[in-house]
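Subject: Structure handover

Hello,

Here is the structure I promised to pass on. Please open it alongside this note. My findings follow below.

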Amino acid sequence: MTQPPFHSHMPAALAEARAAAARGEVPVGAVLLGPDGRELARAGNRTRELSDPTAHAEILAIRTACAALGSERLPGATLWVTLEPCPMCAAAISAARIATLYYGADDARMGGVAHGARVFSHPQCHHVPTVYGGISSGESKDLLQSFFSQRR
């Protein structure tokens with residue numbers, strides 16, 4: 001099977017992050033693609049709206065994609081997210097067997113991939129995706145900083 005040409009889905013993830021900010025949510029967005037490159041789900045944070053601390057963009061996208069496919073696993077899938085996933089989201093990415101993770105801004109305080117818990121480096125991590133960080137990181141970081149500066 002011929003691989004489709006590479007196409008960044010970070011603009012769509014950033015659009016989800018901006019929509020989350022407009023709802024008063026921390027501006028994080030995610031887009032999840034199937035192995036064929038078809039979009040399976042997209043989401044922005046909804047923790048406040050749903051009164052659910054697990055309603056991070058990544059978790060919502062994974063739930064939607066799994067429900068659509070009728071499977072708890074997403075082998076071969078690709079996830080684009082605007083911020084380095086936290087430990088909870090990194091564990092969910094591993095559990096879902098997502099093949100590739102692209103993320104925007106680093107999260108030195110709460111990240112779980114390159115910082116903090118480094119979930120994918122843990123010996124108990126069953127599946128480690130290929131990870132590419134720093135995709136549109138400036139735009140992701142600016143969006144987050146602007147959101148929090150307006151609230152202080």
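Start with strand 4, which is mostly covered: 6 of its 6 residues are buried. Bear in mind throughout that this is a predicted model.

**The sheet**

Strand 4 pairs with strand 3 in the parallel sense, over 5 bridges. Within that pairing, Leu-79 stands opposite Leu-101 of strand 4. Strand 3 is itself largely enclosed by the rest of the structure, because 6 of its 6 residues are buried.

Strand 3 also pairs with strand 1. These two run antiparallel and are joined by 4 bridges. Look for Leu-33 there: its bridge partner in strand 3 is Thr-78.

Strand 1 has a further antiparallel partner in strand 2, with 5 bridges between them. Gly-29 is bridged to Gly-44 of strand 2. Strand 1 and strand 2 make a hairpin, with 5 residues separating them. Gly-37 sits in the turn and has a positive phi of about 85°.

**The cores**

Which residues hold the most contacts with other members of the largest nonpolar core? They are Leu-32, Ile-62, Leu-74, Ile-98, Leu-101 and Phe-120, out of 34 residues in that core. Elements that give two or more residues to this core are strand 1 (29-33), strand 2 (39-44), strand 3 (78-83) and strand 4 (100-105), along with helix 3 (57-69) and helix 4 (87-95). Helix 3 gives the most, with 7 residues. Apart from this core lies another one, of 8 residues, including Met-10, Ala-12, Ala-13 and Leu-14. As background, nonpolar side chains in soluble globular proteins tend to be buried together.

Leu-101 deserves a look of its own. Setting aside neighbours within four places in sequence, Leu-101 is in contact with Leu-79, Val-81, Pro-85, Ile-93, Val-113, Phe-120, Pro-129, Thr-130, Val-131 and Tyr-132.

**The pocket**

The largest pocket has a volume of about 610 Å³. Its lining counts 22 residues. Those that lie nearest its centre are Val-26, Leu-83, Asp-107, Arg-109 and Met-110. Helix 5 (residues 137-150) gives the most to this lining, with 4 residues.

**Past helix 5**

Arg-151 is in the segment after helix 5.

Arg-151 touches Ala-21 and Gly-24, not counting residues up to four places away in sequence. Arg-151 and Gly-24 are 127 residues apart in sequence, yet their C-alpha atoms are 9.9 Å apart in space.

**Cysteines**

A search of the whole structure finds 0 disulfides. Cys-89 is in no disulfide: its nearest cysteine sulfur, that of Cys-86, is 3.7 Å away. The cut-off for a pair is 2.5 Å. Cys-89 counts as buried, at 0% relative accessibility.

**Backbone points to check**

Most residues other than glycine have a negative phi. Two residues are worth checking against that.

- Ser-51 has a positive phi of about 50° although it is not a glycine. Ser-51 is in the loop between helix 2 (47-50) and helix 3. Ser-51 is exposed, with a relative accessible area of 67%.
- Arg-97 is not a glycine either, and its phi is positive, near 60°. Arg-97 is in the loop between helix 4 and strand 4. Arg-97 counts as partly exposed, at 24% relative accessibility.

That is the handover.

Best wishes

Key: Residues numbered from 1 in each chain as written. Predicted model: local features only at pLDDT ≥ 70, side-chain atom pairs only at ≥ 80, totals over all residues. Heavy atoms only, no water. Buried < 20%, exposed > 50% of the residue type's maximum accessible area, 1.4 Å probe, protein only. Core = buried A, V, L, I, M, F, W, Y, C linked by side-chain atoms within 4.5 Å. Contact = heavy atoms within 4.5 Å. Pairing = 2+ DSSP bridges. 1 Å grid on protein atoms, 1.4 Å probe; cavity = no way out; pocket = protein on both sides within 12 Å on 5 of 7 lines; lining within 4 Å. Points joined across faces, edges and corners; volume = space filled by probe spheres on them.
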